[in-house]
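Let's take a walk through this structure together, one region at a time. Keep the viewer open and follow along.

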Amino acid sequence: MSRVRIRWLIGLLSCALLGLVAFQYYWITEVNKVNKERFNQNVNDALIQVTQRLAIENDISFLQRGMNTGVRPLPQRNVPFDTMNTLVSNSEGMPQGEIPPSEEFMSGTFQLVDETTGQVVFEFGFESLMQTPGFNPNQLANSRARQIEMERQMNRRIEMMKQSWFNHLAGSNNLFARVNPDVLDTLLSEELANRGLDIPYNYGILHEPTNEVKLLNAEFKSDEEGIKNSDLAVNLFPTDLNEKEFYLAIDFPGKKRYLMQQAIVPLSASGLLLIIVIACFAYAIMVILRQKKLSEIKNDFVNNMTHEFKTPIATVSLATEALQDDDIKGNKAIVDRYVQVIRDENKRLGLQVEKVLQIASLDKKDFKLKFEQADLHDIIEKALVNINILVEKRGGQITSQLLASNPLVEADKVHLTNIIYNLLDNANKYSAGAPEIHIRTDNISTGIILKISDKGIGMSKESIEKIFDKFYRVSTGNVHDVKGFGLGLSYVKNIVGLHHGTINVKSEVGQGSTFKIYLPFNNG
């Protein structure tokens, strides 16, 4: 896949992911909004139900204590009656409790109904009272004077009852005479519990014109502001014929947390799914980039291998053609020379193939080492004999300090030789000018420390992190300038690991590199 296509793919996936995140955010916001509206509706329904039950409690209390209690006689019989609306709208300036009822009100029938059960608690009609036989003054008076007096008393009493009923229905402004805090608290608690609202709350009764809290039920005085600013409030006396400006307001300090808890399950599920999608997206992008990089490395490996094989094959081909020349066949010296060239190039091809096979064996995990006592100094000196030819050819030199007093380790001699030769070969190849290589050994209590240093081109930090990866090669600006497959250091690290040792490198661009290997005395 080309780089442009990968960029397009990442861009489209990123847009889709951002769209999904935005949709999830919108959905979560809508869920919170719906939960809040549902919560407010339940609270408002509870408050309305409380005010209605409170009105019924007031009506029952009014009937139980007597309709005419505290009602003074009408000051004048000649006060003109009017309609109820007129009375309510013109009630300002009239004495409290002395508003004359209308004829329509006095001729009506009154019922007190419990809305929760639909049961008629009380029913009363003034006309029916007048027609009751027990209230007929003709049957109770024995004389005309007594009859007149009884009629006058009955009419006066009926007028008082009518006035008392009207005053009750119009409603009193005496808040604490109408509201029992204990009853209000009980009703509010019951109605909230009936709607499943088990959450701490504060409430109070507000006088709207002055914004004053007339009744406060809160743990702290500071909660008063929350009640004043609450949007959860209803008219405390909604059934009064003369509207009052007292409101029952309630505030929930833990409302946000409660709403969040209500939505925690869908929010958690949504968040988990979103995290899974993001993780899969990141993993997919990582795999695509890794596969792309692996593809580039393998292509580079194939190119390098082709180049490495092409040169000896071409040399062998030319040598073979030369040997077929009749003029050369008679010259034994030249024949021997071409035969040696063919032998050397064939050996070179064999070594290249052996490197590839060694890595393949390591990957298949069918690689077995032959451990035996090996003298590290002896192996180093033998490796130096071969590598010195190449170094001296470039005008360089190799110095050594073999300071280990005990150079014997339990190791596979063949692979240990390959390790040292690979490191020395890299030090030679990655030196821009005349190679300067130094090799040193030291003993520690458990094994030997081997250091191979050069003053070559060095490596960046990024290259150091990847130097032991298979097929990775340090860029020299020309991939064919330094020959190799990028397998040598990967092989070295694997073999050192199989010997229970460690390897690390310190390097700086332009200053050279130092490879440090630790090998234990024993591998048991």
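A salt bridge here is a side-chain nitrogen of Lys or Arg within 4 Å of a carboxyl oxygen of Asp or Glu. With that cut-off in hand, look at K429 and D425, whose side chains meet in a salt bridge at 3.5 Å from N to O. Please keep in mind that the model is a predicted one. K429 and D425 are 4 residues apart in helix 15, so about one helical turn separates them. D425 counts as buried at 13% relative accessibility, whereas K429 is partly exposed, with a relative accessible area of 22%.

The whole structure holds 11 salt bridges. Another one joins E224 to K228, with the closest N and O atoms 3.4 Å apart. These residues, too, are 4 residues apart, this time in helix 9 (residues 223-228), and are separated by about one helical turn. E224 counts as buried at 12% relative accessibility, while K228 is partly exposed at 24%.

Which residue forms a salt bridge with R53? The partner is E191, and the closest N and O atoms of the pair are 2.7 Å apart. R53 lies in helix 1 and E191 in helix 8 (residues 181-194), so this pair ties together parts that are 138 residues apart in sequence. E191 is buried, at 5% relative accessibility, and R53 is partly exposed, at 24%. R53 and E191 also belong to a network of salt bridges that includes E190 and R195.

Stay with helix 1 (residues 3-65) for a moment, and find L13 in it. L13 touches F281 and I285, leaving aside residues up to four places away in sequence. L13 and F281 are 268 residues apart along the chain, yet their C-alpha atoms are separated by 7.7 Å. L13 is partly exposed, with a relative accessible area of 30%.

Now for the sheet. Strands of a sheet pair through backbone hydrogen bonds, either parallel or antiparallel. Here 5 strands form an open sheet with mixed pairing, in the order 8-10-11-13-12. Strand 8 (397-402) and strand 12 (502-508) are the edge strands, each pairing on one side only. On average, neighbouring strands are turned by 10° against each other, direction ignored.

Just after helix 17, H500 takes a positive phi of about 60°. Helix 14 (residues 376-393) lies across strand 8, strand 10 and strand 11, running at about 170° to strand 8.

Helix 14 also packs with helix 15 (residues 413-429) at an angle of about 35°, the axes being 9 Å apart, in a right-handed crossing. Among the residues that meet are I379, I380 and L384 of helix 14 and L416, I420 and D425 of helix 15. The residues of this contact divide into 12 nonpolar, 3 polar and 2 charged.

Key: Residues numbered from 1 in each chain as written. Predicted model: local features only at pLDDT ≥ 70, side-chain atom pairs only at ≥ 80, totals over all residues. Heavy atoms only, no water. Helix = DSSP H or I, 4+ residues; strand = E, 2+ residues; numbered from the N terminus. Pairing = 2+ DSSP bridges. Axes fitted to C-alpha atoms, helices over the stretch in contact; angles between N-to-C directions. Contact = heavy atoms within 4.5 Å. Left-handed = near helix turned anticlockwise from the far one by under 90°. Nonpolar A, V, L, I, M, F, W, Y, C, P; charged D, E, K, R; others polar. Buried < 20%, exposed > 50% of the residue type's maximum accessible area, 1.4 Å probe, protein only.
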